[in-house]
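Let's take a walk through this structure together. Keep the sequence and the 3D view open as you read.

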Amino acid sequence: MTFGIEAASYYVPSLYLEIKNLAEKRGIEPAKLEKGLGLHKMGFPDVHEDAATFAAEALLKLIQDYNINPKEISRIYLGTESALDAAKPTASYAMQMVEKVLEKEFGDRVFRNCDVVDMTFACIGAVDALHNSLDFVRANPDKKAVVIASDYAKYELASSGEYTQGGGAVAVLISSKPDLIEIENKWGIATESVFDFFKPRRHFKKEDLTNAPESFPQKIEIFTDEPVFDGQYSNQCYQDRIREAYNHYKEITGLNKPYENWKYLIFHLPYAFHGKRVFTEIYSLENGLSYETPEEQKAVAKSEEYLQFINDKIEKSQRASSEIGNMYTASIFMALLSALQTSFNENEELAGQQIGFLGYGSGSKSKVFAGKVSENWKKVAEKWNLFESLKNRTAIDFETYEKLHRKQLQNSINENYKGFGLTSVELENPVLKGARYYDYQG
Ligand SMILES: CC(=O)SCCNC(=O)CCNC(=O)[C@H](O)C(C)(C)COP(=O)(O)OP(=O)(O)OC[C@H]1O[C@@H](n2cnc3c(N)ncnc32)[C@H](O)[C@@H]1OP(=O)(O)O
(Lines give C-alpha, C1' and ligand atoms only; values in the text may rest on other atoms or scores of the structure.)
Protein backbone atom coordinates (compact mmCIF):
# COMPACT_ATOMS: atom_id res chain seq x y z
CA MET A 1 0.00 0.00 0.00
CA THR A 2 1.21 3.53 -0.74
CA PHE A 3 0.54 6.80 1.11
CA GLY A 4 0.97 10.44 0.25
CA ILE A 5 -0.74 13.45 -1.30
CA GLU A 6 -3.95 12.75 -3.22
CA ALA A 7 -4.87 16.37 -4.08
CA ALA A 8 -3.63 19.93 -3.47
CA SER A 9 -4.97 23.49 -3.59
CA TYR A 10 -3.62 26.91 -2.70
CA TYR A 11 -4.60 30.49 -2.00
CA VAL A 12 -2.46 33.61 -2.25
CA PRO A 13 -3.29 37.07 -0.87
CA SER A 14 -5.29 39.21 -3.30
CA LEU A 15 -2.86 42.17 -3.29
CA TYR A 16 0.78 42.60 -4.19
CA LEU A 17 3.50 45.21 -4.14
CA GLU A 18 6.20 45.32 -6.82
CA ILE A 19 9.54 44.73 -5.12
CA LYS A 20 11.18 47.49 -7.12
CA ASN A 21 8.75 50.01 -5.55
CA LEU A 22 9.83 48.90 -2.10
CA ALA A 23 13.52 48.94 -3.07
CA GLU A 24 13.23 52.49 -4.39
CA LYS A 25 11.52 53.79 -1.23
CA ARG A 26 13.95 52.03 1.10
CA GLY A 27 17.06 53.07 -0.84
CA ILE A 28 17.99 49.46 -1.71
CA GLU A 29 19.43 48.61 -5.11
CA PRO A 30 16.59 46.76 -6.93
CA ALA A 31 19.16 44.36 -8.47
CA LYS A 32 20.07 43.10 -4.98
CA LEU A 33 16.48 42.04 -4.35
CA GLU A 34 15.67 40.86 -7.88
CA LYS A 35 18.94 39.26 -8.97
CA GLY A 36 20.50 38.58 -5.56
CA LEU A 37 17.50 37.15 -3.67
CA GLY A 38 15.07 36.43 -6.54
CA LEU A 39 12.25 38.71 -5.34
CA HIS A 40 9.81 40.26 -7.83
CA LYS A 41 6.46 40.74 -6.12
CA MET A 42 5.38 40.64 -2.49
CA GLY A 43 1.96 39.09 -1.84
CA PHE A 44 0.09 41.16 0.72
CA PRO A 45 -3.25 40.59 2.50
CA ASP A 46 -6.16 42.96 2.08
CA VAL A 47 -7.93 44.33 5.19
CA HIS A 48 -10.34 41.37 5.33
CA GLU A 49 -7.68 38.67 4.86
CA ASP A 50 -5.64 36.79 7.48
CA ALA A 51 -4.18 33.32 8.07
CA ALA A 52 -7.67 31.94 8.81
CA THR A 53 -9.22 33.22 5.54
CA PHE A 54 -6.19 31.95 3.56
CA ALA A 55 -6.65 28.52 5.14
CA ALA A 56 -10.41 28.51 4.55
CA GLU A 57 -9.96 29.47 0.89
CA ALA A 58 -7.43 26.68 0.29
CA LEU A 59 -9.59 24.12 2.12
CA LEU A 60 -12.79 25.03 0.26
CA LYS A 61 -10.98 24.95 -3.08
CA LEU A 62 -9.52 21.53 -2.25
CA ILE A 63 -12.97 20.13 -1.47
CA GLN A 64 -14.64 21.69 -4.51
CA ASP A 65 -11.93 21.13 -7.13
CA TYR A 66 -11.54 17.45 -6.31
CA ASN A 67 -15.15 16.67 -5.35
CA ILE A 68 -14.17 15.52 -1.87
CA ASN A 69 -16.97 14.48 0.44
CA PRO A 70 -16.15 16.62 3.52
CA LYS A 71 -17.67 13.98 5.78
CA GLU A 72 -14.81 11.68 4.74
CA ILE A 73 -12.18 14.05 6.13
CA SER A 74 -11.18 12.63 9.52
CA ARG A 75 -8.79 15.40 10.50
CA ILE A 76 -7.72 18.89 9.51
CA TYR A 77 -4.26 19.73 10.82
CA LEU A 78 -3.08 23.28 10.24
CA GLY A 79 0.58 24.24 10.32
CA THR A 80 0.94 27.94 11.08
CA GLU A 81 3.07 30.45 12.91
CA SER A 82 0.52 33.25 12.38
CA ALA A 83 -2.05 31.97 14.88
CA LEU A 84 -4.77 34.53 15.58
CA ASP A 85 -5.25 33.39 19.15
CA ALA A 86 -3.00 31.71 21.74
CA ALA A 87 -5.67 29.14 22.70
CA LYS A 88 -8.35 28.81 20.02
CA PRO A 89 -6.75 27.21 16.94
CA THR A 90 -6.78 29.10 13.65
CA ALA A 91 -7.89 25.77 12.11
CA SER A 92 -11.17 26.09 14.04
CA TYR A 93 -11.89 29.45 12.40
CA ALA A 94 -11.07 28.07 8.93
CA MET A 95 -13.15 24.95 9.52
CA GLN A 96 -16.18 26.96 10.62
CA MET A 97 -15.98 29.28 7.60
CA VAL A 98 -15.94 26.30 5.23
CA GLU A 99 -18.72 24.51 7.15
CA LYS A 100 -21.01 27.48 6.59
CA VAL A 101 -20.47 27.38 2.81
CA LEU A 102 -21.01 23.60 2.69
CA GLU A 103 -24.14 23.75 4.84
CA LYS A 104 -26.56 23.84 1.92
CA GLU A 105 -25.17 20.70 0.32
CA PHE A 106 -24.05 18.69 3.35
CA GLY A 107 -26.11 20.01 6.25
CA ASP A 108 -25.19 21.58 9.55
CA ARG A 109 -21.65 21.19 11.01
CA VAL A 110 -20.19 18.85 8.44
CA PHE A 111 -16.91 18.67 10.42
CA ARG A 112 -18.69 17.70 13.67
CA ASN A 113 -16.61 14.52 14.01
CA CYS A 114 -13.43 15.87 12.47
CA ASP A 115 -10.24 16.20 14.53
CA VAL A 116 -9.03 19.79 14.07
CA VAL A 117 -5.85 21.34 15.49
CA ASP A 118 -2.96 23.77 14.85
CA MET A 119 0.69 22.69 14.85
CA THR A 120 3.41 25.25 15.41
CA PHE A 121 7.14 25.04 14.84
CA ALA A 122 7.91 28.21 12.83
CA CYS A 123 8.11 27.37 9.10
CA ILE A 124 8.21 23.59 9.55
CA GLY A 125 4.87 23.27 11.40
CA ALA A 126 2.99 22.10 8.31
CA VAL A 127 5.67 19.51 7.46
CA ASP A 128 5.14 18.24 11.01
CA ALA A 129 1.39 18.15 10.32
CA LEU A 130 2.11 16.25 7.08
CA HIS A 131 4.41 13.77 8.85
CA ASN A 132 1.84 13.23 11.59
CA SER A 133 -1.06 12.87 9.16
CA LEU A 134 0.86 10.36 7.05
CA ASP A 135 1.38 8.29 10.21
CA PHE A 136 -2.36 8.58 10.82
CA VAL A 137 -3.39 7.30 7.38
CA ARG A 138 -0.73 4.55 7.52
CA ALA A 139 -2.40 3.36 10.73
CA ASN A 140 -5.91 3.92 9.28
CA PRO A 141 -5.67 3.32 5.52
CA ASP A 142 -9.39 3.89 4.92
CA LYS A 143 -9.23 7.42 6.39
CA LYS A 144 -8.33 10.76 4.83
CA ALA A 145 -6.62 13.76 6.42
CA VAL A 146 -6.22 17.35 5.29
CA VAL A 147 -3.06 19.29 6.04
CA ILE A 148 -3.19 23.04 5.60
CA ALA A 149 -0.16 25.33 5.70
CA SER A 150 -1.24 28.95 6.18
CA ASP A 151 0.73 32.03 7.13
CA TYR A 152 1.18 35.75 6.84
CA ALA A 153 4.91 36.55 6.83
CA LYS A 154 5.08 40.04 8.27
CA TYR A 155 8.22 41.89 9.39
CA GLU A 156 8.78 45.34 10.85
CA LEU A 157 8.71 48.19 8.34
CA ALA A 158 12.18 49.03 6.99
CA SER A 159 13.72 45.91 8.59
CA SER A 160 15.95 43.52 6.63
CA GLY A 161 13.09 40.99 6.62
CA GLU A 162 10.63 43.45 5.05
CA TYR A 163 11.45 42.64 1.43
CA THR A 164 10.91 38.90 2.05
CA GLN A 165 7.31 39.34 3.28
CA GLY A 166 4.46 37.38 1.71
CA GLY A 167 1.69 34.99 2.69
CA GLY A 168 -0.92 32.46 1.64
CA ALA A 169 -1.94 28.87 2.13
CA VAL A 170 -1.65 25.40 0.58
CA ALA A 171 -4.02 22.56 1.50
CA VAL A 172 -3.25 18.91 0.70
CA LEU A 173 -5.34 15.76 1.02
CA ILE A 174 -3.39 12.88 2.59
CA SER A 175 -4.56 9.33 1.90
CA SER A 176 -3.74 5.82 0.72
CA LYS A 177 -4.54 6.97 -2.84
CA PRO A 178 -1.61 9.34 -3.48
CA ASP A 179 -2.55 10.58 -6.95
CA LEU A 180 -0.01 13.44 -6.82
CA ILE A 181 2.96 12.07 -4.91
CA GLU A 182 3.66 9.03 -2.81
CA ILE A 183 5.73 9.87 0.28
CA GLU A 184 8.31 7.45 1.58
CA ASN A 185 8.28 6.76 5.34
CA LYS A 186 11.90 7.73 5.95
CA TRP A 187 12.58 10.99 7.71
CA GLY A 188 15.96 12.57 8.28
CA ILE A 189 15.57 14.87 11.28
CA ALA A 190 17.80 17.44 13.01
CA THR A 191 16.82 19.63 15.94
CA GLU A 192 18.60 22.25 18.05
CA SER A 193 17.05 24.91 20.27
CA VAL A 194 18.32 28.32 19.10
CA PHE A 195 17.09 31.92 18.93
CA ASP A 196 17.47 32.63 15.20
CA PHE A 197 13.88 33.79 14.61
CA PHE A 198 11.05 33.74 17.12
CA LYS A 199 7.89 35.55 18.21
CA PRO A 200 8.04 36.01 21.96
CA ARG A 201 5.29 37.57 23.98
CA ARG A 202 7.27 40.79 24.01
CA HIS A 203 7.99 42.60 27.20
CA PHE A 204 7.73 46.35 26.86
CA LYS A 205 8.61 48.96 29.42
CA LYS A 206 6.10 51.74 29.88
CA GLU A 207 8.48 54.38 28.50
CA ASP A 208 8.74 52.39 25.22
CA LEU A 209 5.08 53.06 24.51
CA THR A 210 4.01 56.40 23.13
CA ASN A 211 0.93 57.87 24.83
CA ALA A 212 0.67 55.08 27.39
CA PRO A 213 -2.01 56.09 29.89
CA GLU A 214 -1.03 56.57 33.54
CA SER A 215 -3.02 53.48 34.46
CA PHE A 216 -0.74 51.19 32.39
CA PRO A 217 1.44 48.80 34.38
CA GLN A 218 5.18 49.47 34.36
CA LYS A 219 5.80 46.44 32.17
CA ILE A 220 3.34 44.93 29.75
CA GLU A 221 3.30 41.88 27.52
CA ILE A 222 2.22 42.20 23.91
CA PHE A 223 1.84 39.52 21.27
CA THR A 224 3.05 40.88 17.93
CA ASP A 225 2.81 39.56 14.38
CA GLU A 226 6.42 40.43 13.74
CA PRO A 227 9.35 38.20 14.65
CA VAL A 228 12.56 38.94 16.51
CA PHE A 229 15.28 37.63 14.19
CA ASP A 230 18.93 37.66 13.23
CA GLY A 231 18.96 37.16 9.45
CA GLN A 232 22.52 35.91 8.85
CA TYR A 233 22.39 33.70 11.95
CA SER A 234 19.06 32.23 10.76
CA ASN A 235 20.72 31.44 7.41
CA GLN A 236 23.49 29.62 9.28
CA CYS A 237 21.02 27.66 11.44
CA TYR A 238 19.06 26.68 8.31
CA GLN A 239 22.25 25.51 6.61
CA ASP A 240 23.42 23.54 9.67
CA ARG A 241 20.06 21.84 10.27
CA ILE A 242 19.51 20.79 6.64
CA ARG A 243 23.06 19.36 6.52
CA GLU A 244 22.42 17.38 9.72
CA ALA A 245 18.98 16.19 8.58
CA TYR A 246 20.33 15.26 5.14
CA ASN A 247 23.11 13.22 6.79
CA HIS A 248 20.52 11.57 9.03
CA TYR A 249 18.45 10.76 5.94
CA LYS A 250 21.52 9.14 4.38
CA GLU A 251 22.10 7.08 7.52
CA ILE A 252 18.49 5.86 7.58
CA THR A 253 18.27 5.01 3.90
CA GLY A 254 21.85 3.87 3.36
CA LEU A 255 21.83 5.92 0.14
CA ASN A 256 24.92 7.52 -1.26
CA LYS A 257 24.35 11.03 -2.71
CA PRO A 258 20.53 10.79 -2.55
CA TYR A 259 20.12 14.24 -4.10
CA GLU A 260 21.39 12.87 -7.41
CA ASN A 261 18.29 10.66 -7.63
CA TRP A 262 15.96 13.62 -7.09
CA LYS A 263 14.37 15.24 -10.12
CA TYR A 264 13.61 18.31 -7.99
CA LEU A 265 14.93 19.51 -4.65
CA ILE A 266 12.06 21.22 -2.84
CA PHE A 267 13.17 23.55 -0.06
CA HIS A 268 11.48 25.72 2.49
CA LEU A 269 11.95 29.05 0.69
CA PRO A 270 11.97 32.12 2.96
CA TYR A 271 12.82 33.91 -0.32
CA ALA A 272 13.17 32.48 -3.80
CA PHE A 273 16.95 31.95 -3.97
CA HIS A 274 17.49 30.63 -0.46
CA GLY A 275 17.57 26.91 -1.28
CA LYS A 276 20.16 27.25 -4.02
CA ARG A 277 22.29 29.57 -1.86
CA VAL A 278 22.51 27.21 1.12
CA PHE A 279 22.72 23.87 -0.68
CA THR A 280 26.28 24.67 -1.82
CA GLU A 281 27.58 23.18 1.42
CA ILE A 282 25.92 19.76 1.02
CA TYR A 283 26.81 19.79 -2.67
CA SER A 284 30.49 20.44 -1.83
CA LEU A 285 30.60 17.76 0.85
CA GLU A 286 28.98 15.23 -1.47
CA ASN A 287 31.38 16.02 -4.29
CA GLY A 288 34.61 16.33 -2.30
CA LEU A 289 34.96 20.08 -3.00
CA SER A 290 36.68 22.44 -0.54
CA TYR A 291 34.19 24.62 1.29
CA GLU A 292 36.23 26.33 4.02
CA THR A 293 36.93 29.89 2.92
CA PRO A 294 34.43 32.43 1.49
CA GLU A 295 36.40 32.29 -1.80
CA GLU A 296 35.99 28.51 -2.02
CA GLN A 297 32.28 28.81 -1.23
CA LYS A 298 31.81 31.42 -3.95
CA ALA A 299 33.74 29.25 -6.41
CA VAL A 300 31.32 26.37 -5.83
CA ALA A 301 28.26 28.65 -6.13
CA LYS A 302 29.51 30.13 -9.40
CA SER A 303 30.81 26.90 -10.96
CA GLU A 304 29.32 25.78 -14.24
CA GLU A 305 28.37 22.40 -12.72
CA TYR A 306 26.50 23.98 -9.82
CA LEU A 307 24.69 26.47 -12.08
CA GLN A 308 23.59 23.59 -14.30
CA PHE A 309 22.47 21.65 -11.22
CA ILE A 310 20.34 24.63 -10.04
CA ASN A 311 18.88 25.03 -13.48
CA ASP A 312 17.90 21.36 -13.65
CA LYS A 313 16.75 20.65 -10.09
CA ILE A 314 15.85 23.88 -8.24
CA GLU A 315 14.98 26.79 -10.52
CA LYS A 316 11.38 25.74 -11.31
CA SER A 317 10.53 25.48 -7.63
CA GLN A 318 11.58 29.12 -7.08
CA ARG A 319 9.25 30.72 -9.61
CA ALA A 320 6.12 31.04 -7.45
CA SER A 321 8.16 32.29 -4.50
CA SER A 322 9.54 35.15 -6.63
CA GLU A 323 5.94 36.25 -7.24
CA ILE A 324 4.59 35.76 -3.71
CA GLY A 325 7.39 36.07 -1.13
CA ASN A 326 7.69 34.08 2.06
CA MET A 327 4.67 31.96 2.95
CA TYR A 328 6.39 30.53 6.05
CA THR A 329 4.81 27.05 6.57
CA ALA A 330 3.29 27.06 3.06
CA SER A 331 6.54 27.94 1.25
CA ILE A 332 7.80 24.37 0.85
CA PHE A 333 4.40 23.20 -0.41
CA MET A 334 4.20 26.13 -2.83
CA ALA A 335 7.74 25.30 -4.06
CA LEU A 336 6.43 21.81 -4.92
CA LEU A 337 3.41 23.24 -6.75
CA SER A 338 5.67 25.68 -8.61
CA ALA A 339 7.96 22.92 -9.91
CA LEU A 340 5.12 20.55 -10.85
CA GLN A 341 3.09 23.33 -12.49
CA THR A 342 6.09 24.33 -14.59
CA SER A 343 6.68 20.72 -15.68
CA PHE A 344 2.95 20.41 -16.43
CA ASN A 345 2.99 23.58 -18.56
CA GLU A 346 6.05 22.30 -20.42
CA ASN A 347 4.39 18.96 -21.08
CA GLU A 348 7.08 17.12 -19.19
CA GLU A 349 6.33 13.60 -17.91
CA LEU A 350 7.24 13.23 -14.25
CA ALA A 351 5.52 9.96 -13.30
CA GLY A 352 7.90 7.74 -11.33
CA GLN A 353 10.41 10.54 -10.68
CA GLN A 354 11.81 11.01 -7.17
CA ILE A 355 11.47 14.36 -5.42
CA GLY A 356 13.49 15.39 -2.36
CA PHE A 357 12.19 17.74 0.32
CA LEU A 358 14.30 19.84 2.69
CA GLY A 359 12.12 21.55 5.30
CA TYR A 360 13.29 24.02 7.93
CA GLY A 361 11.69 25.80 10.86
CA SER A 362 13.49 28.38 12.95
CA GLY A 363 14.05 27.62 16.54
CA SER A 364 15.17 25.08 15.00
CA LYS A 365 14.45 21.86 13.10
CA SER A 366 14.90 20.35 9.66
CA LYS A 367 13.22 17.34 8.07
CA VAL A 368 14.54 15.72 4.90
CA PHE A 369 12.35 13.18 3.12
CA ALA A 370 11.48 12.02 -0.39
CA GLY A 371 8.55 11.05 -2.56
CA LYS A 372 7.71 9.61 -5.96
CA VAL A 373 5.48 11.39 -8.47
CA SER A 374 2.38 9.29 -9.21
CA GLU A 375 0.96 8.14 -12.54
CA ASN A 376 -2.08 10.41 -12.07
CA TRP A 377 -0.20 13.59 -11.15
CA LYS A 378 -1.41 15.54 -14.17
CA LYS A 379 -5.04 14.97 -13.17
CA VAL A 380 -4.22 16.74 -9.90
CA ALA A 381 -2.02 19.49 -11.36
CA GLU A 382 -4.48 20.41 -14.14
CA LYS A 383 -6.66 22.17 -11.55
CA TRP A 384 -4.04 24.68 -10.41
CA ASN A 385 -3.30 27.24 -13.14
CA LEU A 386 -0.87 28.66 -10.63
CA PHE A 387 0.95 31.27 -12.70
CA GLU A 388 -2.25 32.39 -14.44
CA SER A 389 -4.01 32.93 -11.14
CA LEU A 390 -1.09 35.00 -9.80
CA LYS A 391 -1.85 37.47 -12.59
CA ASN A 392 -5.32 38.08 -11.14
CA ARG A 393 -4.06 39.92 -8.06
CA THR A 394 -4.41 43.67 -7.50
CA ALA A 395 -1.28 45.83 -7.45
CA ILE A 396 -0.97 48.35 -4.62
CA ASP A 397 1.30 51.36 -4.34
CA PHE A 398 3.85 51.89 -1.61
CA GLU A 399 1.68 54.32 0.42
CA THR A 400 -1.23 51.86 0.49
CA TYR A 401 1.17 49.07 1.46
CA GLU A 402 2.46 51.03 4.46
CA LYS A 403 -1.08 51.86 5.61
CA LEU A 404 -2.11 48.22 5.37
CA HIS A 405 1.01 47.16 7.24
CA ARG A 406 0.26 49.64 10.04
CA LYS A 407 -3.39 48.47 10.12
CA GLN A 408 -4.58 52.02 9.40
CA LEU A 409 -7.23 51.08 6.83
CA GLN A 410 -10.80 50.16 7.77
CA ASN A 411 -12.10 49.19 4.35
CA SER A 412 -10.79 46.55 1.98
CA ILE A 413 -8.91 47.67 -1.13
CA ASN A 414 -10.99 45.17 -3.13
CA GLU A 415 -14.33 46.27 -1.70
CA ASN A 416 -16.26 43.78 -3.84
CA TYR A 417 -14.05 40.84 -3.03
CA LYS A 418 -15.30 37.30 -3.45
CA GLY A 419 -14.68 34.58 -0.90
CA PHE A 420 -13.97 34.68 2.82
CA GLY A 421 -13.39 37.87 4.75
CA LEU A 422 -13.04 39.13 8.30
CA THR A 423 -16.05 41.32 9.07
CA SER A 424 -15.49 42.32 12.71
CA VAL A 425 -13.57 41.73 15.91
CA GLU A 426 -15.54 41.98 19.14
CA LEU A 427 -14.13 44.78 21.31
CA GLU A 428 -16.88 45.51 23.84
CA ASN A 429 -18.58 42.39 25.19
CA PRO A 430 -16.24 41.21 28.01
CA VAL A 431 -16.99 37.51 27.48
CA LEU A 432 -16.32 37.71 23.74
CA LYS A 433 -13.58 40.35 23.57
CA GLY A 434 -11.23 39.48 20.70
CA ALA A 435 -13.63 37.03 19.00
CA ARG A 436 -13.29 37.25 15.23
CA TYR A 437 -16.23 37.02 12.80
CA TYR A 438 -16.05 36.15 9.12
CA ASP A 439 -18.41 35.92 6.19
CA TYR A 440 -18.41 34.55 2.65
CA GLN A 441 -19.21 36.55 -0.50
CA GLY A 442 -20.22 34.05 -3.19
C1 LIG B 1 12.82 32.41 8.37
C2 LIG B 1 13.74 31.34 7.88
O3 LIG B 1 13.37 30.53 7.14
S4 LIG B 1 15.36 31.36 8.40
C5 LIG B 1 16.37 31.61 6.97
C6 LIG B 1 16.18 32.96 6.31
N7 LIG B 1 15.98 34.07 7.21
C8 LIG B 1 14.99 34.97 7.03
O9 LIG B 1 14.22 34.86 6.11
C10 LIG B 1 14.86 36.08 8.04
C11 LIG B 1 14.35 37.39 7.43
N12 LIG B 1 15.16 37.86 6.33
C13 LIG B 1 16.43 38.41 6.49
O14 LIG B 1 16.93 38.54 7.59
C15 LIG B 1 17.16 38.88 5.26
O16 LIG B 1 16.24 39.33 4.33
C17 LIG B 1 18.03 37.74 4.65
C18 LIG B 1 18.95 37.16 5.69
C19 LIG B 1 17.14 36.64 4.12
C20 LIG B 1 18.83 38.31 3.49
O21 LIG B 1 19.77 39.19 4.03
P22 LIG B 1 20.47 40.37 3.22
O23 LIG B 1 21.53 40.86 4.11
O24 LIG B 1 19.46 41.31 2.72
O25 LIG B 1 21.06 39.68 1.92
P26 LIG B 1 22.43 38.90 1.75
O27 LIG B 1 23.55 39.84 1.90
O28 LIG B 1 22.43 37.66 2.58
O29 LIG B 1 22.30 38.45 0.23
C30 LIG B 1 22.20 39.37 -0.81
C31 LIG B 1 22.51 38.67 -2.10
O32 LIG B 1 22.30 39.61 -3.16
C33 LIG B 1 23.48 39.75 -3.91
N34 LIG B 1 23.53 41.13 -4.40
C35 LIG B 1 23.71 42.25 -3.69
N36 LIG B 1 23.67 43.33 -4.53
C37 LIG B 1 23.44 42.85 -5.79
C38 LIG B 1 23.28 43.46 -7.07
N39 LIG B 1 23.36 44.77 -7.23
N40 LIG B 1 23.07 42.66 -8.14
C41 LIG B 1 23.00 41.30 -8.00
N42 LIG B 1 23.14 40.69 -6.79
C43 LIG B 1 23.35 41.45 -5.71
C44 LIG B 1 24.61 39.40 -2.96
O45 LIG B 1 25.78 39.07 -3.66
C46 LIG B 1 23.98 38.23 -2.20
O47 LIG B 1 23.95 37.06 -2.99
P48 LIG B 1 25.09 35.91 -2.93
O49 LIG B 1 25.50 35.73 -1.52
O50 LIG B 1 24.35 34.71 -3.45
O51 LIG B 1 26.15 36.37 -3.80
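Which residues does Lys367 touch, not counting residues up to four places away in sequence? The list runs Ile124, Val127, Asp128, His131, Trp187, Gly188, Ile189, Ala245, Phe357, Leu358 and Gly359, where contact means heavy atoms within 4.5 Å.

A quick word on what you're looking at: this is a predicted model, in which local features need pLDDT of at least 70, side-chain atom pairs count only at pLDDT 80 or more, and totals for chains, interfaces and linings use all residues. Residues are numbered from 1 along each chain as its sequence is written, and side-chain values use heavy atoms, with hydrogens and water left out.

Back to Lys367, which sits in strand S16, residues 365-373. (Strands are DSSP runs of E with at least two residues, helices are runs of H or I with at least four, and both are numbered from the N terminus.) Lys367 has a relative accessible area of 7%, so it counts as buried; the cut-offs are under 20% for buried, over 50% for exposed, and partly exposed in between, using a 1.4 Å probe and protein chains only. Its side chain makes a polar contact with the side chain of Asp128 at 2.7 Å, and another polar contact, of 2.9 Å, links the side chains of Lys367 and His131. A polar contact here is a pair of N or O atoms within 3.5 Å; within protein, one must be able to donate a hydrogen and the other to accept it, and residues adjacent in sequence count only if both atoms are side-chain atoms.

Now look at the loop between strand S15 (354-361) and S16, where you'll find Ser364. The peptide bond joining Gly363 and Ser364 is cis, with omega at about 0°.

Next, a pair of helices. H11 (residues 315-324) and H12 (residues 331-345) pack at an angle of about 120°, their axes 6 Å apart. The axes are lines fitted to C-alpha atoms over the stretch in contact, and angles run from 0 to 180 degrees between N-to-C directions. H11 and H12 are therefore oblique to each other: under 35 degrees would be roughly parallel, over 145 roughly antiparallel, 65 to 115 roughly perpendicular, and the rest is oblique. On the H11 side, the contact is made by Lys316, Ser317, Gln318, Arg319, Ala320 and Ile324, and on the H12 side by Met334, Ala335, Ser338, Ala339 and Thr342.

Finally, visit Asn347, in the loop between H12 and S15. Asn347 has a positive phi of about 60° although it is not a glycine, and at 63% relative accessibility it counts as exposed.
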